[in-house]
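The structure comes first, then the notes by topic.

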Amino acid sequence: MGILLAVLSPLSFVNSHLLRIGRAIGIVAVALMVVAILIQVVFRYVLNNALPWPDEAARFCMLWMTGLMAPTAFRRGGFVAIDMLGQALPRLLSSLLSLLLLIISLAVLVIAVQIGYAEVTGFGGKFATASLYVPGNVSLTEWIRVPRSWMMMSIFVGVILLTLVNIELILRNLVSTFGGTERLPALPDVDMAGAD
Amino acid sequence: MLIWFLPVFLVFLMIGLPVFFGLLAAPGMLLWLNGQERDITLLYRNVYNGMDSFPLMAIPFFMLAGELMNKGGITLRLVEFSQALMGHLRGGLAHVNILSSMLFAGLSGSAVADTSALGSMLIPAMEKQGYTRRFAAAVTAASSVIGPIIPPSGIMIIYAYVMGESVAALFLAGIVPGVMVGVGLMLMVRFMADKYDLPKAQRIVNPGQSMAPVEFWFSFVVLRVNLAGLATVLAVMAASGMGFAAFSTTVTLLLFLIMMVLSHFLLLRLRGVVSSDFRIVCKKAVAPLQTPIIILGGILLGVFTPTEAAAVAVAYALLIGFFVLHSLKPGEIPGVLNRAGITSAVVLLLVGAAMAFKTVVSLSHAPEIMAEFVLTLSENPLILLFLINLLLFVVGMFLDAGPAIIILGPILGPIFTSMGVDPIHFAIIMSVNLTIGLATPPMGLVLFVAASVSKERVETIAKAILPFLAVEIAVIFLITYIPALSMTIPRWTGFAN
């Protein structure tokens, strides 16, 4: 129990901070998405000029928003699941069941991290995006196309964060199975708008 | 062999694995057992490519617009407007609850948002008037399912994307079924009002309200622009229907100006008919109710795509929240963005996983195998539609509408379209049925929210909601067997064949 808590508390600390940064960037990404699409509409109708980049830029932001904000939802129990069986079982069996479920999730995530790394560093990532540019030097005289790997990185980062959260959740589950629920660091409730 | 991923997936789902992981773990496992390790990479790619989509962006945007609209006095304005229209009937506040849900449905695409916003306001008000709390909570929950049926609708965006249909067509097809659910519930309230002697309410709750000049002039102009715009569009359509050549921009503009003047005088004439309190309540509802007009009008006239319409709705919500109604504070914006971002991130991951799942569904020939099985039950599409509605209803009891739709759509959709059911019609059957499932026990998201808002037990609400569910089930069967109910508007506007 002591060892579990000793591993859990630094991980919990790191996750809290990483996810807070993720949410902050996510908030900016959502705002930028709206701005990009509004620019698209305004340019098309008011200035009669269909811009090529807002579509891709907004998708870029949306992917990063997903990668950076979904782990927060996972950590706070916001992933949709049918939890009737877990609620019906006695406490010990129920925590063993959720341990099993977390291990299955972890398996999915670990494989996803491996594939994600191969994808980002692989052939597909070498291509450039169609219309996004960044300055190639300090004096802004040269502009280079954003590589696709920057976009693909979003979900890779997301999967890594999800894995970290998953490990934290497994440790929390073990601690509470051994009766140490009151010693767990508190997690805030998920604050979601509801998609349905 | 690969087809076994479906039962494996079901087991995962039943033991409580989050849907996102289940959608990937089950097909992944079977691909691995089948020696198709390479296709597991394909799963990952499909998750990514599935999320990298312009139409899907409408989900965060509509969520954001709904959240922004929800802040400040907009809910109150809609409720007061509904009450001015229907409060004087017997069972007044129950009618108000349903009508507010229908109006709210035009601003937000979510039943959960509807329940929490309207429930926290109307359930205490209904209790004060002598309704039981369980009845108030049941009416709120039952009417909230209209939220995702009347456009905009998060569920329909997801369905349209996963199944490759047009979002606009689905939105338009949802209008009549949504109104039918609302009217059906009102009829049931009317019936119960006679039986249980439900009270009437006043039409005007807060008499003697005033309006800030900005809002007054805003609603003054917007109302006339809407009326004139509608009249112009109808006139242009009538002219082209009668064989006249298309009007030039100048002529159309002139026509619009004439209509503006005409609508001004029409509204002046209407002024005398109603009390000044009634007028002010109506004027205060103009700004919020402009949102569905912008969204639907924009999509119908081909001005923008649903995604752009959603972004414009966000801009409009910000504009009126800050400058017209002063209901928003800059400090609230990050919180709203955060909520909308987190919620849509979960939905997007789910949609991505569903796209990956869908590839395995087609690789495994699941729809063909299912279709063969289904056809052994009956070859009559009418009976099969009945059975499918039963299946969807049972699934809806256990699973939320969004996940259910992305899991079942790719499997069931192809079976029925190959039997000649219009894909849009089938989409509406699925969406309406599964949305109503949000209010059915034992697992109904809307029931849970209604329970937490009203502090009443879920089981009690689940019992009180039964008469309303009966109405909703009747609506499901009506739209299943009378395709014209959902298909007329999209066909008439050219968004469906």
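Chain A and chain B bury about 5400 Å² between them, and 76% of that area lies on carbon and sulfur atoms. The model is predicted, with an ipTM of 0.93 and a pTM of 0.91.

**Interface**

- Chain A gives 58 residues to the contact, and chain B gives 68 residues.
- Three salt bridges are found across the interface of chain A and chain B.
- A salt bridge joins A:E119 to B:R45, with 2.9 Å between the closest N and O atoms.

**Confidence in chain B**

- The average pLDDT of chain B is 91.
- A pLDDT of at least 70 is reached by 100% of the residues in chain B.

**Nonpolar surface patch on chain B**

- Two or more residues of the nonpolar patch come from each of α16 (366-377), α17 (381-398) and α22 (466-481) of chain B.
- Helix α17(B) supplies the largest share of the nonpolar patch, with five residues.
- B:Y481 counts as partly exposed because its relative accessibility is 35%, between the limits of 20% for buried and 50% for exposed.

- B:P177 belongs to helix α10 of chain B, which spans residues 167-196.
- The relative accessible area of B:P177 is 1%, so this residue is buried, the cut-off being under 20%.
- Leaving aside residues up to four places away in sequence, B:P177 touches B:I149, B:I428, B:V432, B:V475, B:I479, B:L485 and B:S486.
- Between B:P177 and B:A94 there are 20 Å from C-alpha to C-alpha, and the two are 83 residues apart in sequence.

- B:S431 sits in helix α19 of chain B, residues 423-436.
- B:S431 is classed as buried because its relative accessible area is 1%.
- With residues up to four places away in sequence not counted, the contacts of B:S431 are B:I155, B:M156 and B:I405.

How values were computed: Residues numbered from 1 in each chain as written. Chains lettered and ligands numbered in written order. Predicted model: local features only at pLDDT ≥ 70, side-chain atom pairs only at ≥ 80, totals over all residues. Heavy atoms only, no water. Helix = DSSP H or I, 4+ residues; strand = E, 2+ residues; numbered from the N terminus. Buried < 20%, exposed > 50% of the residue type's maximum accessible area, 1.4 Å probe, protein only. pLDDT = per-residue confidence, 0-100. Contact = heavy atoms within 4.5 Å. Buried area = accessible area lost by both parts, 1.4 Å probe. Salt bridge = Lys/Arg side-chain N within 4 Å of Asp/Glu carboxyl O.
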